[in-house]
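Have the sequence and the structure open side by side.

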Amino acid sequence: MQGEIFSTVLFPLILGFIMFSLGLGLRVADFQLILRQPRALLVGLVCHFLLLPLACYGLIQLFGMTGYFAVGFMLLAACPTGTTSNLLTYLARGDVALALSFTAVASVLTIFTLPLIVSWSLTHFLAANQVVQVPVSMIMGQVLLILGLPVALGMLTRHFKAEVALRLEPKATKVATALFVLIVALAVMKHWNLLLSNFSTLAPFALILNLSMLALGFFMAWIAGLSRRQSITLGIETAMQNASLALVVAATVLKQDEISVPGAIYGILMYVGGLMFALFMRRFTSDSQ
């Protein structure tokens, strides 16, 4: 019963606040900024919405992963960039304005792309063992409620009550970071036995996926002729996923504990690779590059 309360009430409320705090930091001007540098946006979209799911699927095939864990990693790959990517971008001396803008665009697009990827994954990885009826419209509606509505409310607050939003944003960001840690901690506690029994096989997968996407995002941007700061940003934006969204969707929409496990593991380990990448890039990057 307690676990059901966490899954159906606490998790969505926490995620809603996290997404609301993201919305407080976004303005229409952030979207306009992205239009002034469409090449960076295009490269980022290709990396995040095309290469990341393809790389995840390729690693799943390479590792011989099947069933709910495979669905869990595909769900993770379908999620938008995590809000903490902006902090890592700042630490790495990346382009923070680009990070904010890309996070905003990715959050909106994910409302439509996540249900499609998850629906395909459920059919592809589970149909061999059972008949899967995928409620695409329900998944899309719930993702819109969990993801889109709080961001929109945050942006509306920023637009109509700018002074209030500016006062709230720093505090809300700190609380959101703490709540993200809480979501991961609760997921670890709830699925401790599953995590313990599968950590040795899933953790290497998570680290390889994270490190490969950090590198792929950076080098794709570099090949496209973007600046070093923009390349750093897109590397981070490609690899740092909104693991809390993956946990909430698995718990409240798909209602399958095993699907939550990859998100819980990746939600912890992605900071190992992300922080190493940020600190390494910081040493070789100035604010003018």
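Where does Leu 226 lie? Leu 226 sits in the loop between helix 9 and helix 10; helices here (H or I, at least four residues) and strands (E, at least two) are DSSP runs, numbered from the N terminus.

A quick word on the ground rules. This is a predicted model, where local features need pLDDT of at least 70 and side-chain atom pairs count only at pLDDT 80 or more, while totals for chains, interfaces and linings use all residues. Residues are numbered from 1 along each chain as its sequence is written, and side-chain values use heavy atoms, with hydrogens and water left out.

**The loop residue and its surroundings**

Leu 226 counts as buried, at 8% relative accessibility. Buried means under 20% relative accessible area, exposed means over 50%, and partly exposed is in between (1.4 Å probe, protein chains only). Leaving aside neighbours within four places in sequence, Leu 226 is in contact with Arg 39, Ala 40, Val 43, Ala 221, Ser 231 and Leu 234; contact means heavy atoms within 4.5 Å. Take Val 43: 183 residues separate it from Leu 226 in sequence, yet the two are 9.3 Å apart in space, C-alpha to C-alpha.

**The overall picture**

The protein chain has 12 helices and zero strands. Of its 289 residues, 52% are buried. Among contacts between residues at least 6 apart in sequence, 86% join residues at least 24 apart. The chain exposes about 13,000 Å², and carbon and sulfur atoms supply 70% of that; accessible areas come from the Shrake-Rupley method with a 1.4 Å probe, and for residues only the protein chains shown count as cover.

Here are some more pairs that are set apart in sequence, with C-alpha to C-alpha distances.

| Pair | Apart in sequence | Apart in space |
|---|---|---|
| Leu 98 and Arg 229 | 131 residues | 9.5 Å |
| Gly 67 and Ser 121 | 54 residues | 9.4 Å |
| Pro 204 and Leu 269 | 65 residues | 9.6 Å |

Leu 98 belongs to helix 6 and is buried, at 0% relative accessibility. Pro 204 is in helix 9, and it counts as partly exposed because its relative accessibility is 33%.

Which residues have the most contacts inside the largest nonpolar core? They are Ile 60, Phe 73 and Leu 75, in a core of 51 residues. A nonpolar core is a set of buried Ala, Val, Leu, Ile, Met, Phe, Trp, Tyr and Cys residues joined through side-chain atoms within 4.5 Å. Helix 3 (38-63), helix 4 (67-78), helix 6 (96-126), helix 9 (192-223), helix 10, helix 11 (243-254) and helix 12 (257-283) each supply at least two residues of this core.

Helix 4 is mostly covered, with 11 of its 12 residues buried. Among them are Gly 67, Phe 73 and Leu 75. Leaving aside neighbours within four places, Phe 73 is in contact with Cys 56, Ile 60, Met 65, Leu 202, Phe 205, Ala 206 and Pro 262. Gly 67, also in helix 4, is buried at 15% relative accessibility.

**Helix 10**

In helix 10 (residues 228-239), 10 of the 12 residues are buried, so it is largely enclosed by the rest of the structure. Those buried residues include Gln 230, Ser 231, Leu 234 and Glu 237.

**Out at the surface**

Leu 145, Leu 149, Leu 153, Leu 156 and Phe 160 form a nonpolar surface patch, with about 520 Å² of accessible area together. Patches are made of residues with over 30% relative accessible area and no salt bridge, with like charges joined within 9 Å and nonpolar side chains (Val, Leu, Ile, Met, Phe, Trp, Tyr) within 5 Å. A salt bridge, in turn, is a side-chain nitrogen of Lys or Arg within 4 Å of a carboxyl oxygen of Asp or Glu. Phe 160 is in helix 7 (residues 136-160) and is exposed, with a relative accessible area of 62%.

One last stop is Arg 93, in the loop between helix 5 (85-91) and helix 6. Its phi is near 65 degrees, a positive value in a residue other than glycine. At 25% relative accessibility, Arg 93 counts as partly exposed.
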